[in-house]
Amino acid sequence: MLKPIALAVAALSAMSLVAEAQADEYQDDRWYVAPFGTFINSGGDRGANDEWGGGMGIGKMINDHFNVEARGFYQRLGGDSGSWDMTGGNADLQYYLFRDTFSPYTVLGLGAMNTSHGGDSGTGFIGEAG
């Protein structure tokens, strides 16, 4: 009775070692580029139209769980009282729960955004968590 259980434990242990060796073998150390699109539903009483924007991220996989990424973005909102232009960038640290076909992750980021409207502009910090 003990022999089949010991054999099953040994087989499962061997499979886990093979899976671990394969995961290390395929770690990607290249830089990547990630374009993205945005859409803002302006809402409220600002008199702005909903608009599309976009940006570009450049990142690198650090290890099995972490990526770093620098992103820049541009967003424009038109409206009755002129337009709002928002430009900025941020640095993100992404934590992947696991790397597979489906790879859920969390992200923390910090950056800055410049907003211009009607000749006035201001810069502020932005934070990101998700």
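**Close-up views of a predicted model**

**View 1. Arg 71, Asp 92 and Glu 128 form a network of salt bridges.** A salt bridge is a side-chain nitrogen of Lys or Arg within 4 Å of a carboxyl oxygen of Asp or Glu. This is a predicted model in which local features need pLDDT of at least 70 and side-chain atom pairs count only at pLDDT 80 or more, whereas totals for chains, interfaces and linings use all residues. Residues are numbered from 1 along each chain as its sequence is written, and side-chain values use heavy atoms, with hydrogens and water left out. Strands (E, at least two residues) and helices (H or I, at least four) are DSSP runs, numbered from the N terminus. Glu 128 counts as partly exposed, because its relative accessibility is 27%; buried means under 20% relative accessible area, exposed over 50%, and partly exposed in between (1.4 Å probe, protein chains only).

**View 2. Two further salt bridges, Arg 30 with Asp 28 and Arg 76 with Asp 85.** The side chains of Arg 30 and Asp 28 come to 2.8 Å, N to O. Arg 30 is exposed at 58% relative accessibility, while Asp 28 is partly exposed at 29%. In the other pair, the closest N and O atoms of Arg 76 and Asp 85 are 3.1 Å apart. Arg 76 is partly exposed at 39%, and Asp 85 is partly exposed at 22%. The salt bridge count comes to four.

**View 3. Glu 69 is buried and has no salt bridge.** Glu 69 sits in strand β3 (residues 66-77). The nearest side chain of opposite charge, Arg 71, is 4.2 Å away; Lys and Arg count as positive and Asp and Glu as negative, with His and the chain ends not counted. The side chain of Glu 69 instead makes a polar contact with the side chain of Tyr 32 at 2.6 Å. A polar contact is a pair of N or O atoms within 3.5 Å; within protein, one must be able to donate a hydrogen and the other to accept it, and residues adjacent in sequence count only if both atoms are side-chain atoms. Beyond its neighbours within four places in sequence, Glu 69 is in contact (heavy atoms within 4.5 Å) with residues including Tyr 32, Ile 58, Asn 90 and Asp 92.

**View 4. Trp 31, Val 33, Met 56 and Ile 58 make a nonpolar surface patch of about 440 Å².** The elements that give two or more residues to this patch are β1 (31-40) and β2 (51-61). Patches are made of residues with over 30% relative accessible area and no salt bridge; like charges are joined within 9 Å, and nonpolar side chains (Val, Leu, Ile, Met, Phe, Trp, Tyr) within 5 Å. Accessible areas come from the Shrake-Rupley method with a 1.4 Å probe, and for residues only the protein chains shown count as cover. Met 56 lies in strand β2 and is partly exposed, with a relative accessible area of 40%. Ile 58 also lies in strand β2 and is partly exposed at 44%. The C-alpha atoms of Ile 58 and Trp 31 are separated by 7.1 Å, although the two residues are 27 apart along the chain.
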